[in-house]
Amino acid sequence: MGCEITTKERAGVINPMYDCQPAGAQFAGIGIKDSIPLVHGGQGCCMFVRLLFAQHFKENFDIASTSLHEDSAVFGGHKRIQDGVMVLAQRYPDLRVIPLITTCSTEVIGDDIEGNIAQCNAALKEAFPGRKIHIVPVHTPSFKGSQVGGYSECLLSVIKTIATHKGAPNGKLNLFPGWVNPGDVMLLKRYMREMDVDATVFMDTEDFDSPMMPDKSIHTHGRTTVEDIAGAANAIGSLALARYEGGTSAQYLQTEFEVPNTQLNSPYGIANTDAMLQAVSRITGKPIPESLVRERGIAIDALQDLAHMFFAGKRVALFGHPDLVIGLAQFCLEVELKPVLLLLGDDNSKYKKDPRILDLKAKADWDMEVVCNADLWELEKRVKNPDYQIDLILGHSKGRYVAIEHNIPMVRVGFPTFDRAGLYRKPTMGYQGAMDLGESIANTLFAHMEFNKDREWLLNTW
């Protein structure tokens, strides 16, 4: 028995699990208030990513493109950058941030992004005196990495561009949850309010769950402001809840501005949430309130009702973002599920040395496999193998056909989830998220038992 950490043997990708770096950078960019990312590449590099966001959130997002054509491949796309920046500045009087996101084509061409930004800043100063627009260089070549690295790169570049100097302490806590749904952001903000902690969430996507107001105003935008970002250098500390999506930004703030950085496991499950709240209390001096202790108790009681009777020994395959997959694997251990297959979908060499995976390896008394640089073909290959005996799949909607084809129950979690309603507004983090996820797993298993007439009589006596 043990844990084997491997890498996909094939050089190519069949049925990819992730999208490209620019997709992740665009997601981070739209998390800022008064921000419109400008994607420097072909029209599809923007259009298809916007479609993916619209599928997941059922909302529309403002993302612009320099829309390169054949002539730019020969002569460069400098003019398209400058035209794009000026058009955005003219059309959007409240615009304050433009993440300038490169793609595979513009990285291969070798356009001088920083040089173009300097020219754009000069043109903006002349055309719009007294107005400040932050143009952020975000280098995200699509031929390496994934949306996970692109998110991290954009977040770090935004902080480097806007948080440029140390000022007076502001008493705030920087919170880096990583690429999570509005439901998780709202849960974390509620926890901070209940602890009386003034925290800035990077990036605050609460309004991606956009209301339809009587005055027909549009509220689909990020909430993290320029002032929030600039103030990150003056915080009392940073809490990085996602090693691969926010950890580098928290580390930069510590190195550059001496903002203490605490790196935690992503708060999926009871123990990881305990550790997060204890860290917040230690950094801020604020006690954990009785309301959260009670919420913890309710979650434990709910999970106890399910774990031994329905979850024990069930063999689970997980795929998606590394922080999510590893956190969910830790949650599985808490409720007696057996994570036997973890698929991490890009070429980041750090995964193999991740201490959380090594901890899982130490705790597992069954065969567990972690596949790096994986795709969904790797999932299907193992699902077909009777030695794996997969009872449950946890992952996003792109794995649905594997689950359907092989009649395996699947719980949607992560990004994108477009074949189930409203999942983006439901938390997965925290005590509430652990309870909701556990009950979602149970209900999926129950429905599968009934559909297959597999010991469904148990539900009469439960």
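This is a predicted model: local features need pLDDT of at least 70, side-chain atom pairs count only at pLDDT 80 or more; totals for chains, interfaces and linings use all residues.
Residues are numbered from 1 along each chain as its sequence is written, and side-chain values use heavy atoms, with hydrogens and water left out.

The domain assignment, whose bounds come from an automatic or database source, gives domain 1 (3-14 + 291-458), domain 2 (21-145) and domain 3 (173-289). The C-alpha centres of domain 1 and domain 2 are 36 Å apart.

How large an area is buried between domain 1 and domain 2? It is about 780 Å², with 65% from carbon and sulfur atoms; buried area is the accessible area (1.4 Å probe) that two parts lose on being put together, summed over both. Phe415, Phe418 and Tyr424 supply 65% of what domain 1 buries against domain 2, more than any other three residues.

I turn now to one residue, Arg382. Arg382 belongs to helix α15 (residues 376-384), helices being DSSP runs of H or I, at least four residues, numbered from the N terminus. Arg382 counts as buried because its relative accessible area is 8%, and buried means under 20% (1.4 Å probe, protein chains only). Setting aside neighbours within four places in sequence, Arg382 is in contact (heavy atoms within 4.5 Å) with Leu341, Glu369, Val371 and Tyr388.

Terms used: Helices (H or I, at least four residues) and strands (E, at least two) are DSSP runs, numbered from the N terminus. Buried means under 20% relative accessible area, exposed over 50%, partly exposed in between (1.4 Å probe, protein chains only).
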